[in-house]
Amino acid sequence: MSEGKEWSYKEAIEKASSSICRFPLIHVKGVPLMCHIANNWDSISAFVPDPADLLIATYPKAGTTWTQEIVDLLFHNGDAEACKRAPTPVRSPFLEICSPPPIPSGLDLLNKMDPPRVIKTHLPFQLVPSGFWENKCKAIYVARNAKDNLVSYYYFDLMNKTQPEPGPFDGYIHKFMQGELSWGSWYDHVKGYWLEKEKNNILYLFYEDMKENPRREVERIMKYLDLTVSDEVITKIVELTSFKNMKENPMANYSCIPSPVFDQSISPFMRKGEVGDWKNHFTPEQSKIFDEDYEKQMKGVSIPFRSLI
Ligand code: A3P
């Protein structure tokens with residue numbers, strides 16, 4: 001599979017549609033992961049990146065796709081056409097993803113690309129292949145406030161037919177608090193990268209900052225990547241990566257994944273793109289229970305989340 005126009009990603013997924021189901025989770029070093037990932041764990045963890053590769057790491061639904069698009073546009077000097085060469089998961093492969101054949105795994109895609117590659121992962125810090133840190137790869141981490149992250153993940157689990165059934169929202173809140181969702185605990189995830197960011201030169205971003213001032217955050221990413229693009233190009237990148245434009249962009253809105261896998265009639269991948277949507281979902285009682293547990297789980301680590309926005 002090349003990254004060019006002849007990509008057959010969608011066709012491969014269509015062919016595998018009959019073997020798609022809500023895959024069970026298997027724990028890898030205490031972290032629940034989709035069974036196909038767990039079953040291929042040895043080859044995933046042995047992956048050795050090139051020092052020029054960039055890692056974009058997030059807990060699911062924290063703003064991964066948005067960041068991937070910004071980075072791709074920065075690397076292509078804001079050239080929108082160049083960034084429509086293929087859908088997001090082909091341009092910027094998902095390191096650990098494994099699905100039934102003939103869907104290419106993240107490793108299949110990466111092995112056919114030349115560095116520098118932009119690699120997505122949802123793995124918590126301790127499961128990221130050590131080669132990323134040994135080779136001093138750059139890494140961008142994006143964190144999103146817990147309650148909005150949870151709501152976004154809930155809708156995603158409703159529409160993504162490869163993830164376990166989310167069940168009722170109240171039960172989902174408890175699964176989130178207990179770290180029982182795919183890729184494990186949100187709390188451990190955001191803390192893990194936070195505690196390693198200085199030592200491993202990780203750029204730690206917040207979804208809420210990107211919403212508040214996208215230009216400022218695009219410039220931060222540009223500087224971190226040692227790129228120089230003009231003010232006009234920055235303006236263009238901010239515009240091209242607005243929620244509205246990405247929602248309409250078939251190469252960024254995951255319409256490349258057919259409906260038996262991502263049923264966007266249940267909930268679109270580009271759902272709302274807002275800060276504070278949790279207020280439309282949590283009851284005051286649920287919010288209180290969540291906040292009390294949050295205090296305990298985040299004790300001793302002061303990450304400047306803006307959860308109450
Ligand atoms: P919502 O479900 O709250 O709308 P990920 O890419 O990590 O899976 O994250 C998906 C979340 O980021 C979704 O959140 C999606 O709408 C939001 N998102 C994607 N692109 C965005 C953009 N350009 N601006 C704001 N939010 C965006």
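This briefing walks you through a protein model and the ligand held in it. The model is predicted, so local features are given only where pLDDT is at least 70, side-chain atom pairs count only at pLDDT 80 or more, and totals for chains, interfaces and linings use all residues. Residues are numbered from 1 along each chain as its sequence is written, and side-chain values use heavy atoms, with hydrogens and water left out.

**Around the ligand**

- The ligand has 18 residues around it, and the closest are T64, T65, S152, K272 and G273; here, a residue is near a molecule if one of its heavy atoms lies within 4 Å of it.
- By type, this shell is made up of seven nonpolar, seven polar and four charged residues. In this scheme Ala, Val, Leu, Ile, Met, Phe, Trp, Tyr, Cys and Pro count as nonpolar, Asp, Glu, Lys and Arg as charged, and the others, Gly among them, as polar.

**Polar contacts to look for**

- A polar contact is a pair of N or O atoms within 3.5 Å.
- Start with T65, where an N or O atom of the side chain is 2.5 Å from an oxygen atom of the ligand.
- R144 also reaches a ligand oxygen atom, with a polar side-chain atom 2.9 Å away.
- Y207 has a polar side-chain atom 2.7 Å from a nitrogen atom of the ligand.
- Of the 570 Å² of accessible area that the ligand has on its own, the protein covers 98% (areas come from the Shrake-Rupley method with a 1.4 Å probe).

**Where the ligand sits**

- You will find the ligand in the largest cavity. A cavity is a set of points, on a 1 Å grid over the protein atoms alone, where a 1.4 Å probe fits but cannot get out, and a molecule sits in it if more than half of its atoms lie within 2 Å of its grid points.
- Two or more residues of the shell come from each of α4 (64-75) and α14 (243-248), and α4 gives the most, with three residues. Helices (H or I, at least four residues) and strands (E, at least two) are DSSP runs, numbered from the N terminus.

**Backbone details**

- P101 and P102 are joined by a cis peptide bond with omega about 5°; P102 is in the loop between α5 (88-91) and α6 (106-111).
- Another cis peptide bond joins P115 and P116, with omega about 0°, and P116 lies in the loop between α6 and β4 (118-121).
- N77, in the loop between α4 and α5, has a positive phi near 50° although N77 is not a glycine.

How values were computed. Polar contact = N/O pair within 3.5 Å; in protein donor to acceptor, adjacent residues only side chain to side chain. 1 Å grid on protein atoms, 1.4 Å probe; cavity = no way out; pocket = protein on both sides within 12 Å on 5 of 7 lines; lining within 4 Å.
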